[in-house]
Amino acid sequence: MAQAMMKKMAGSACVVIGITRRTSSRSLVSANKTLAAKKEKELPAEREVTKSVFMSQSTDIYTNLALEDWMYRNMDFSKHHVMMVWRNEPCVVVGRHQNPWLEANVPLLAEKEIALARRNSGGGTVYHDRGNLNVTFFTPRERYDRKYNLELIKRALFRGFGVNAIINKRQDIIVRDKYKVSGTAAKLGHLSAYHHCTLLVDANKSDLSKALAKRETNATASMPSPVANLSEVNNRVTVDALQTALGYEYMRTPALSLGDGGQNLISQQRGFQFVNPSEDWFPGLSEIRNELQSWDWCFGRTPVFTVSRTFPVPEELLAPSKVYSATQELSINMKVEKGLISDVTLNIAPGLIESGFHGEASVITHLIGKRFTSEALAALQDAMLTRRDSGTKLDDREQFVAKCFDQVVNTV
């Protein structure tokens, strides 16, 4: 139905297959003085507001987040509302104030070369791949309306594919009474606002589950929900078909109310526009992207957290002449601030001490200030080798301690 709708309405809608560099400079780049002046004037009436559907040509998470941020900072949405649709190669995106080590399987992401990003909005952690459609609604701050956006998506699903959906109290989109197909988040500024959400169409749910495996810490985790792909509800739902259905639903809906202007309103809108997220089109985009990709942003913005793990000491590492009535354990406690280890406590089992391992404080302090990654393990191993000043290989007890630290840092 969505594809048939596109063929029917393409003649009246402004469907732009490409935007030239010159056109993009005129239509997309707004001077800062325009934004400053916007606050001083009254917002236009609904009939004076036009809409566009921007379709990002990038599938890079950092580029698309940078484009979203660039538009939020630089464009004037008072008379021109925009819905941007975009998709990414496999990645995990955490909310602005979340802990990636808590929300995602960080070691697995590194092993599989799956990007981890932190967005500027709040909300929970999500997994993206090419089977996931992302949608961002841009408006002036005063006209931010999350309910309007979600209802619009809900209507598009029913009109285009006959999919019945509900919006729950957490403002997730739910199908078949309990399965989540969309999460939502937003950023509200002084002048502009955006609301964005994910739509699971044909995502790899196995990879999603593995990528979002949880670590036990003292921080508060996201609340997981059972998820489903829209293609499981109706196999006619594809990312391209949904993108088209959403675009036309957006343009046939008045800017401030959930009416239905039909084809007549569609013909008055600015239509679909492919956008190329590049420095030529969006001056300053590269700088934003570089910041969003940096370790300091993705991991260094993590709230303070602690990790505690206890490991049983293998019998062969204990003093052979002793008999212990209780299980001999090694306990490790770490405090992590801004992604860096700020404090470490190592409680060593008596049996391990009596067998020759001492774990001097000077060794443990080498971890302070190191990133909560394998960088810390390398520093520990180097410190243990330097301490005894002989050989290039750790002994069995040192290897056990190093392995325990590795599990603290690199396992969920």
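Visitor: Which residues form one aromatic cluster?
Guide: This is a predicted model. One aromatic cluster in it is made up of W101, W295, F299, F305 and F372.

Visitor: Over which ring does the charged end of R371 sit?
Guide: W295 belongs to the aromatic cluster. The charged end of R371 lies 4.2 Å from a ring centre, within the 6 Å cut-off. That ring is W295.

Visitor: And the charged end of K51, over which ring does that sit?
Guide: The distance from the charged end of K51 to the ring centre is 4.1 Å. The ring is that of Y250.

Visitor: How many residues apart in sequence are the parts tied together by the pair W70 and F282?
Guide: The whole structure holds 13 aromatic pairs. W70 and F282 form one of them, with centres 5.0 Å apart and planes at 75°, so the pair is edge-to-face, the cut-off being over 60 degrees. W70 lies in helix α4, while F282 is in the loop between β13 and α12. The separation is therefore 212 residues.

Visitor: Is W70 buried or exposed?
Guide: Buried means under 20% relative accessible area. W70 has 3%, so W70 is buried.

Visitor: Which residue stands opposite V175 in β10?
Guide: Strand β9 (residues 173-175) is joined to β10 by 3 bridges. Opposite V175 stands Y179.

Methods: Residues numbered from 1 in each chain as written. Predicted model: local features only at pLDDT ≥ 70, side-chain atom pairs only at ≥ 80, totals over all residues. Heavy atoms only, no water. Pairing = 2+ DSSP bridges. Helix = DSSP H or I, 4+ residues; strand = E, 2+ residues; numbered from the N terminus. Phe/Tyr/Trp six-rings, centres within 6.5 Å; stacked < 30°, edge-to-face > 60°. Buried < 20%, exposed > 50% of the residue type's maximum accessible area, 1.4 Å probe, protein only. Lys NZ or Arg CZ within 6 Å of the ring centre and 35° of its normal.
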